[in-house]
Amino acid sequence: MSTIAFVTAVQHHASDAELALAPVNGEALLTHTVRGLLALPDLDLVVVAAPERCALSFSAALLDFPERCRMIPGSSLKDAFDTVEKEIAGDPVFLVHDALRAFTPADTIRAVTDAVRAGSPFVVPVLPMADTVKVTDAAKVITGTKDRAYLRTAQTPLGFTRETFLSYADKPSLDGAHTVAGHPDAMRVTNTFELKLAEAIAVAGEEEETL
């Protein structure tokens, strides 16, 4: 079973698309994101949904990937799928990945795809909640402590069968998803501090490759 990945740049805020172009170690975050996905040998195609206003900049960030990568103007996941549907043969694993999670380790991506292949129709990588979570009332007064034993922070890529992918594209929700272990490096890079962390991760990866 092969794999097809959809990369989206507008997950939470309209400005996410511009953030995906932020430079890290000389390349856009988006470039790092797509390169990480294409490192999977069984990944047939990466489809990048690019907001119209950023289409030219996204194209420039993807110049290193003339094969196995398509950029489709428009931020809708459903529209991106409709554009490439005829190219999707068989019953692949579908991935949906946040462009700002540029340094998700290959092992995390494989864990997601392996879980789908093992029979889970919808898979999400997660991390346990590390912080103590407090509950406040309308007056912003702490009224209790939330039990964090079952709290998790969700990451991407999300993994799907075709049926669950189409359902998610129509109405995004993580309810009912099976979970696998995420990784701290799979953080969303959205501010100066996280950009510095991403830079360190990118440099460390280059140093490992030269050893």
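Guide: Leu30 touches Val7, Ala20, Val48, Phe58, Ala61, Leu62 and Ala99, leaving aside residues up to four places away in sequence; contact here means heavy atoms within 4.5 Å. Keep in mind that this is a predicted model, where local features need pLDDT of at least 70 and side-chain atom pairs count only at pLDDT 80 or more, while totals for chains, interfaces and linings use all residues. Residues are numbered from 1 along each chain as its sequence is written, and side-chain values use heavy atoms, with hydrogens and water left out.

The largest nonpolar core has 40 residues, and Leu30 is listed with Leu29, Val34, Leu37, Val46, Val48 and Phe58 as having the most contacts inside it. Such a core is a set of buried Ala, Val, Leu, Ile, Met, Phe, Trp, Tyr and Cys residues joined through side-chain atoms within 4.5 Å. Buried is under 20% relative accessible area, exposed is over 50%, and partly exposed is in between, using a 1.4 Å probe and protein chains only. At least two residues of this core come from each of strand 1, helix 2 (29-38), strand 4 (43-50), helix 3 (55-61), strand 6 (93-98), helix 5 (106-117) and helix 7 (192-210). Helix 2 gives the most, with 5 residues. The labels are DSSP runs counted from the N terminus: helices are H or I with at least four residues, strands are E with at least two. Apart from this core lies another, of 21 residues, including Ala49, Leu158, Phe160 and Tyr168.

Now slide over to strand 6. 6 of its 6 residues are buried, so the rest of the structure largely encloses this strand. Val93, Leu95 and His97 point one way, Phe94, Val96 and Asp98 the other, and all are buried. As a rule, side chains in a regular strand alternate between the two faces of the sheet.

What does strand 6 pair with? Strand 1 runs parallel to strand 6 over 6 bridges, with Thr8 opposite Asp98. Strand 11 (residues 158-160) is antiparallel to strand 6 and joined to it by 3 bridges, and there Leu95 stands opposite Gly159. Pairing needs at least two DSSP bridges between the strands.

Have a look at Asp98 while you're there. Asp98 is buried, with a relative accessible area of 2%, and its side chain makes a polar contact of 2.6 Å with that of Arg188. For a polar contact, two N or O atoms must be within 3.5 Å; within protein, one must be able to donate a hydrogen and the other to accept it, and residues adjacent in sequence count only if both atoms are side-chain atoms.

Helix 4 (residues 77-84) comes next, where the buried residues are Leu77, Ala80, Phe81 and Val84. Seen down the axis of helix 4, these residues fall within an arc of 100 degrees, so they line one face of the helix; the arc is that of the directions from the helix axis to the C-beta atoms. They pack against strand 1, strand 4, strand 5 (69-73), strand 6 and helix 6 (162-170).

Last stop, the rings. The structure holds 8 aromatic pairs. One of them, Phe6 and Phe165, is stacked at 5.1 Å centre to centre, with 25 degrees between the planes. That pair ties together distant parts of the chain, Phe6 in strand 1 and Phe165 in helix 6, 159 residues apart. Both Phe6 and Phe165 are buried. Rings of Phe, Tyr and Trp (its six-membered ring) pair if their centres lie within 6.5 Å, and the planes count as stacked under 30 degrees, edge-to-face over 60 and tilted for the rest. Ring pairs also join Phe6, Phe81, Phe94, Phe122, Phe160, Phe165 and Tyr168 into a cluster.
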